[in-house]
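Please look through the sequence and the model shown here. The paragraphs that follow go from the sheet to its helices, then to single residues and charged pairs.

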Amino acid sequence: MKLQWKVAIVTGAASGIGADSARLFASEGATVLCVDRDHHGANAVANEITAAGGRAKALTVDVSSEAEVRSMVDTTVEEFGRLDVLFNNAGVMLPSDGDAEETDEAVWDQTFAINVKGVWLGCKYGIPAMRDTGGGSIINTASFVAVVGAATAQLAYTASKGAVLSMTKELAVIHARENIRVNALCPGPLETKLLMDFLDTEEKKQRRLVHVPMGRFGQSEEMAKSALFLASDDSSYTTGSTFLVDGGLTSAYVTPE
Ligand code: NAD
């Protein structure tokens, strides 16, 4: 059991990476707070975990709301006594995200409120709780686009993930001596609702797959296994990393020095 007795918050736990990570963390012994703005989805995942003999609780939270994120951490500490793992994973890619000229201000603001401010708020309230625990692991979901950009225009999303990556590196350095590790999980293109809603034609899907050496989309279960590594003591000397799990995509883009 890699997370025995640990308490973990997973945001975006109603679907995709978050749902599979919540299930995997619980199966490795963690008590998991399944956090999402989708009340029914978060409840379903938490119920599934408890039915399988694990420990979980669903919380309905909009990660872009400071009051709700503060209450998320307060509830965790009040009910379970500690916070060991914070997986800031909730994120959106809005359908009308485009290039610099096409993208509306509202799309930009909403993307940044959830993808960037949401991660910052998680850290703002999660870090003091982790300090009281004696340390912990924060995983922020960025993306391969933070490293190389995207072939299909999604400027607000790409810029938001770049912000998540640089915020992660700075936090890792600031909190390294407090035994708080902070890493960015950078998935490649995945077969989850988020991307499949965006790449809504076969032509768009194939356009994206051209760039993936493995020739397939990743699965959320594969991201959950990587998140487990970062959450657990297996990664005890890993902090500030750009943890790419992308089917080789960035290696195909980036040329060596
Ligand atoms: P998903 O759409 O399946 O799941 C995202 C979850 O986040 C949903 O359950 C949604 O309700 C929740 N959410 C959205 N806004 C929220 C908010 N304001 N407050 C609380 N919950 C909110 O997507 P996924 O593919 O599992 O994505 C998870 C993360 O991985 C995101 O940060 C995404 O940007 C990132 N990512 C995804 C891909 C991909 O190809 N799917 C690639 C790289 C990075």
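Two strands are said to pair if DSSP finds at least two bridges between them. Helices (H or I, at least four residues) and strands (E, at least two) are DSSP runs, numbered from the N terminus. This is a predicted model, in which local features need pLDDT of at least 70 and side-chain atom pairs count only at pLDDT 80 or more, while totals for chains, interfaces and linings use all residues. Residues are numbered from 1 along each chain as its sequence is written, and side-chain values use heavy atoms, with hydrogens and water left out.

Seven strands form an open sheet with parallel pairing, in the order β3-β2-β1-β4-β5-β6-β7. The edges are taken by β3 (55–60) and β7 (242–245); each has a single partner strand, so one side of each is left without a neighbour in the sheet. On average, neighbouring strands of this sheet are turned by 20° against each other, direction ignored. In general, strands of a sheet pair through backbone hydrogen bonds, either parallel or antiparallel. Within this sheet, strand β1 (residues 7–11) pairs with strand β4 (residues 85–88) in the parallel sense over three bridges. Ile9 has Leu86 in β4 as its bridge partner.

Helices pack on the sheet as well. Helix α1 (residues 16–27) touches β1, β2 (31–36), β4, β5 and β6 (180–187), and its direction makes about 165° with that of β1. Helix α2 (residues 39–51) packs on the sheet by touching β2 and β3, and its direction makes about 175° with that of β3. For these angles, axes are lines fitted to C-alpha atoms, for helices over the stretch in contact, and the angles run from 0 to 180 degrees between N-to-C directions. Contact means heavy atoms within 4.5 Å.

The side chain of Asn140 has a polar contact of 3.1 Å with that of Thr168. A polar contact is a pair of N or O atoms within 3.5 Å; within protein, one must be able to donate a hydrogen and the other to accept it, and residues adjacent in sequence count only if both atoms are side-chain atoms. Leaving aside neighbours within four places in sequence, the contacts of Asn140 include Asn88, Val119 and Asn183.

Ala142 is in the loop between β5 and α5 (145–148). With a relative accessible area of 2%, Ala142 is buried too. Its C-alpha atom is separated by 8.7 Å from that of Thr242, 100 residues apart along the chain. Beyond four places in sequence, Ala142 is in contact with residues including Lys161, Val164 and Pro187.

Lys161 belongs to helix α6 (residues 155–175). Lys161 is buried but has no salt bridge, and Asp97, the nearest side chain of opposite charge, is 11 Å away. Here Lys and Arg count as positive and Asp and Glu as negative; His and the chain ends are not counted. A salt bridge is a side-chain nitrogen of Lys or Arg within 4 Å of a carboxyl oxygen of Asp or Glu.

How many salt bridges does this rule give? The count comes to 11 salt bridges. One of them joins Lys57 and Glu79, whose closest N and O atoms are 3.3 Å apart. Lys57 lies in strand β3 and Glu79 in helix α3 (residues 66–80), so the pair ties together parts that are 22 residues apart in sequence. Lys57 is partly exposed at 27% relative accessible area, and Glu79 is partly exposed at 45%.

Another salt bridge joins Asp197 and Lys193, with the closest N and O atoms 2.6 Å apart. Both residues lie in helix α7 (residues 193–198), four residues apart, about one turn of the helix. Asp197 is partly exposed at 47%, whereas Lys193 counts as exposed at 55%. Glu222 and Arg216 also meet in a salt bridge through their side chains (2.8 Å, N to O). Salt bridges that share partners join Asp20, Arg23 and Glu48 into one network.

Trp5, in the segment before β1, has a phi near 70°, a positive value in a residue other than glycine. Asn179, in the loop between α6 and β6, has a positive phi near 65°.

Technical notes
Buried means under 20% relative accessible area, exposed over 50%, partly exposed in between (1.4 Å probe, protein chains only).
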